[in-house]
Amino acid sequence: MHYASGSGIIMVISTENLYDEVAALLAENREVSFRAIGNSMLPFIRGGVDVVHMVGPDKLKRGDVVLARTDDAQVVLHRVISIDGDTVALMGDGNLCRIEQCHTGSVIARMKAIERNGHRIDCQSRWWRFKSQLWMACRPFRRYLLFAMRHLHII
């Protein structure tokens, strides 16, 4: 279950309906927020803890975190690692090798901010984008970085 809000309205939405509900709220030009689940976006997004704030996808860029339906019908909140024409490649920050693909029309939202422990983090800031690019460049070493972060209780 997810808690989603748009313009102060709070709803409980099942995971199966999340994609359609977010699309409907964004069609009304609302910012949509929901609590992330899962660990595929560690260390940037902590499932069960962080609330993500989503807006329409506008112009997609490498490094954006998006809500999309993949070619195998999974709904994911993952990072754009490449765009080739109408094909978008996505990968979770906590994933070691799995890359999903989707059509640009299947991307319905882009993450604008994260709320963690009462603090709002702007995902378009230079600092956030720098950290994101650095993490993407560390892909061959993620296994070891994630292992160390878990054992040091950083994540």
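The points below go from the whole chain to two single residues.

1. First, the ground rules. This is a predicted model, in which local features need pLDDT of at least 70 and side-chain atom pairs count only at pLDDT 80 or more, while totals for chains, interfaces and linings use all residues. Residues are numbered from 1 along each chain as its sequence is written, and side-chain values use heavy atoms, with hydrogens and water left out.

2. The chain has three helices and ten strands (DSSP runs numbered from the N terminus: helices are H or I, at least four residues; strands are E, at least two). Their order along the sequence is β-β-α-β-β-β-β-β-β-β-β-α-α.

3. Of the 155 residues in the chain, 43% are buried (under 20% relative accessible area; exposed is over 50%, partly exposed in between; 1.4 Å probe, protein chains only). Among contacts (heavy atoms within 4.5 Å) with a separation of 6 or more, 52% join residues 24 or more positions apart.

4. The accessible surface is about 8,500 Å², and carbon and sulfur atoms hold 54% of that (Shrake-Rupley method, 1.4 Å probe; for residues, only the protein chains shown count as cover).

5. Do look at Asn95, in the loop between β7 (87–91) and β8 (100–103). Asn95 counts as buried because its relative accessibility is 16%. Leaving out residues up to four places away in sequence, Asn95 touches Ser40, His78, Glu100 and Arg142.

6. Phe130 belongs to helix α2 (residues 126–137). With a relative accessible area of 49%, Phe130 is partly exposed.
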